[in-house]
Amino acid sequence: MIGARVINGGTVPVRDIPVLGMEAFRAAVIEAVRDGAGLAAYFGYPLAPDGAVAPPGGGAAVAGGRTGGAPAGSAGGGTHPVRLVAVLTWPMAGGCEVVATDPGESFPALTPDCPPAHWFEREIAEQWALRPEGHPWLKPIRYHRAWRPGDAWGRPPGTEILPCVTDFFRVEGDEIHEVAVGPVHAGVIEPGHFRFQCHGEQVFHLEIALGYQHRGVERALAGGPDPRTPHLMETLAGDTTIGHSLAYAHLVEGMTGVKAPARALAIRALALELERLANHVGDLGALANDVGFLPTASYCGRLRGDFLNLSALVCGSRFGRGLVRPGGVRFDLDPARLESLKNRFEPVARDVESAVTLLWRSSSVLARFEETGRVPRETALALGLVGPAARASGVERDVRMDFPTGFYRFLQVPVALLPSGDVFARAFVRWLEIQRSEAFIRQVLAGLPEGPCQADGPVVAGSEVPLPPHLLGVSLVEGWRGEICHVAVTDGAGRFGWYKVVDPSFHNWMGLAMALRDQPISDFPLCNKSFNLSYCGHDL
Amino acid sequence: MLQVLLSRWQQGYRTMAWPEGDVVLPDRLRGRPVLRPEACRDGCDRCRQVCPTGAILGLGPTLAIDLGRCLFCGECERACAPGAIRFTNEHRLATGRREDLIVRGGPGYKLAEPLTGEVGALFARSCKIRQVSAGGCNACEADINVLGTLAFDMGRFGLQVVASPRHADAVAVTGPVPHQMKLALAKTVAATPTPRVIIAVGACAIAGGPFAGHAEVNDGAACVAPADLSIPGCPPHPLTILDGLLRLIGRMPAGR
């Protein structure tokens, strides 16, 4: 390990991060990933002449929040050069490694030798107008102008960039046809575009083009924290409110040295598992719906809401809005509320069991789930998939076990694994995780630590304590979709010079594309639901 | 088969009695705020300092909160030492006009009125909704989706989410409408036959929510079409959404 070591939720001074030559950086990342490290984040940030992160342009914070984000095409780095940072996760060492390089305006792409870098390098090209030479699939991922002058694709400055207008991969030949779906889909679902190359029913290739949900979150986070920061965290991916706000809280706590009390850690873990339960139960219902098995579809729709209502019992919001803040949690569990939570939890858990076990006893459901949308273990490893999608392909990765923080240091959740990589595995891994989360919640509720649920002092708003200057912090959380990674670099004034968010969906969209190969196109809804990825979490 | 029947029996009947009967909402739910401008201290602007979206419009005697921008985070309530701002459990929030979303001191909040005339007659028994997520974070979307489950069962009021705008009477927009989605939203609205109504669900669709002012978004649905119904919240509670829909189509029982 030649990079700087950081534990999950820890920090390292920017000056202690080795800035390698491009070839050494390339070799370090490629070899680490080959040796089993995960590529949790790989991103650029603008570099001031003194070696610090350059102050972000635009987006001036005013009383009551921001008046406006930075104007398109001008903010972020200005004309500064860009530094590239890679965050590698080493499960066996229990920590992360951070390496950096100053690539100039173009650099030899890592992707040909390190497929998990694929999406990251497209993002780097799009955001910073750098060119990863030799990238085999260099296309935009969100369809916006770069944040410094220039363009990786040489598009003239005045031309409009339309979302998902790109050179889609095309299969030619008799009887080949193309199916285009989206951005507006048939259900109540976020927008994205899917382009299938088909031979009859059979899908040869699926290309996924996103970017419709781009709200400029990363640019808005630079210059923070400010009163709006916690809310941007909670809405990065609204179904993962707890996951992302927890990653943010850990990061700020790591930087400031503020410690959230044990009771807060327990309530946070409870909220994170309730979020996982609501989403996993909802997903199993949706999978049942997509194969026309209505009893489970119908029951799980209701039961998902029951878990959301338990979150609302804790904090008033079904999605956990307002609960997690740096320094602790905003809402305590008084004895009556704790009792009510316990009493309401058990009947829901019982009904979930009755609803979900119907799936595994129905041969018509199993016939549709099994062997559908298979992602072999080698593919999952090569792409760097995370979360239940990876575990369903036999890849043992779970932040709660590999890099435990908070309450997961005291109470473990066993990793759920299945080898087959098909829709069945992705469904059944969720069922295993539901049962393990339920057991975990019972233990948390039975032994909730006493004491306060917020750290002393004015830390809770997340914006009232200045952050130490020139630090890089890394925070990983196992959200219900998988590994969430936040990385922040503070500037000389203790503001976020750059704040990088990697939602698990960022790693996993390629997994869905691979799952569709050689499948009938009619299985797309089922495969899509078995991943259930976030569009806004990807588009940021 | 026997297992399916047994579980059906175990799961029971779950559709809520509301709107005829009552429903218990979480005690910590942050609903419509009640303001006491007379409690405001001279020169204090703590609420405005902490508000993430600039929803505090006036101070002192003119204290007012714009629920269209409000995320219902309760920061202002926490910051206000004299207690001039208090969030209540009141979930009924949807209004017809944008300006009715502004809460001031004193009683009164003008909830949405039923549609009148031809559209009122057309949509009272059947209103099909095409939902478009335009930068929504999937929370508003989830709370619309849940209205179709057996707990809320909006189908009993003739409300249904449909797959095609051609089948729709209403377009329900969520999200701040990023530039990338503006054209798709405009096309979806144009493809919905008239007469149609536009519904803005959530703080983002009304005024941009936490993304208001970002160069990448258009601060809500109004960039494409003005809303006939605005349902505030981040996200609104499902019952707040259903309450608004029922008021719009005139299906809310009298006195509710």
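Visitor: How many cavities of 30 Å³ or more does the count give, and what makes a space a cavity?

Guide: On a 1 Å grid over the protein atoms alone, a cavity is a set of points where a 1.4 Å probe fits but cannot get out. By this rule the count comes to 18 cavities of 30 Å³ or more. The model is predicted: local features need pLDDT of at least 70 and side-chain atom pairs count only at pLDDT 80 or more, while totals for chains, interfaces and linings use all residues. Residues are numbered from 1 along each chain as its sequence is written, chains are lettered from A and ligands numbered from 1 in the order in which they are written, and side-chain values use heavy atoms, without hydrogens and water.

Visitor: What is the volume of the largest cavity, and which residues are the closest to its centre?

Guide: A volume is the space filled by probe spheres set on the grid points, which are joined across faces, edges and corners. For the largest cavity this comes to about 240 Å³. Lining residues have an atom within 4 Å of a point, and 20 residues line this cavity. The closest to its centre are A:Gly316, B:Leu29, B:Arg30, B:Pro235 and B:His237.

Visitor: What makes a space a pocket instead, and how much space lies in the largest pocket?

Guide: A pocket is an open set of points with protein on both sides within 12 Å along at least five of seven lines. The largest pocket holds about 1500 Å³ of space. It is lined by 46 residues, of which A:Val188, A:Ala286, A:Asn289, A:Lys529 and B:Asn145 are the closest to the centre. Helix H6 of chain A gives the largest share of the lining, eight residues.

Visitor: Why is strand S7 of chain A called largely enclosed?

Guide: A strand is a DSSP run of E with at least two residues, a helix is a run of H or I with at least four, and both are numbered from the N terminus. Buried means under 20% relative accessible area, exposed means over 50%, and partly exposed lies in between (1.4 Å probe, protein chains only). Nine of the nine residues of S7(A), residues 82-90, are buried, so the rest of the structure largely encloses this strand. Both of its faces are covered: A:Val82, A:Leu84, A:Ala86, A:Leu88 and A:Trp90 are buried on one side, and A:Arg83, A:Val85, A:Val87 and A:Thr89 on the other.

Visitor: How do you know which strands pair with S7(A)?

Guide: Two strands pair if DSSP finds at least two bridges between them. Eight bridges join strand S4 (residues 38-46) of chain A to S7(A), and the two run antiparallel. Seven bridges join S7(A) to strand S8 (residues 95-101) of chain A, again in the antiparallel sense. In the hairpin of S7(A) and S8(A), with four residues between the strands, A:Gly94 takes a positive phi near 70°.

Visitor: Why is strand S18 of chain A also called largely enclosed?

Guide: Seven of the seven residues of S18(A), residues 496-502, are buried, so the rest of the structure largely encloses it. Six bridges join strand S17 (residues 482-490) of chain A to S18(A), in the antiparallel sense. A:Val487 has A:Lys500 as its bridge partner in S18(A).

Visitor: What makes a group of residues a nonpolar core, and which residues of the largest one touch the most other members?

Guide: A nonpolar core is a set of buried Ala, Val, Leu, Ile, Met, Phe, Trp, Tyr and Cys residues joined through side-chain atoms within 4.5 Å. The largest has 163 residues, of which A:Val29, A:Tyr42, A:Phe307, A:Leu323, A:Trp360, A:Phe369 and A:Leu472 touch the most other members. Helix H6 (residues 262-290) of chain A gives the most to this core, with 15 residues. Apart from it lies another core, of 44 residues, including A:Cys164 and B:Val189.

Visitor: Which edge strands has the five-strand sheet of chain B, and what makes them edges?

Guide: The strands of this open sheet follow the order S7-S6-S8-S9-S10, with parallel pairing. Strand S7 (159-161) and strand S10 (229-231) of chain B each pair on one side only, and these are the edge strands. The twist averages 25° from one strand to the next, where axes are lines fitted to C-alpha atoms, for helices over the stretch in contact, and angles run from 0 to 180 degrees between N-to-C directions. Contact means heavy atoms within 4.5 Å. Helix H6 (residues 179-191) of chain B packs on the sheet, and its direction makes about 170° with that of S6(B).
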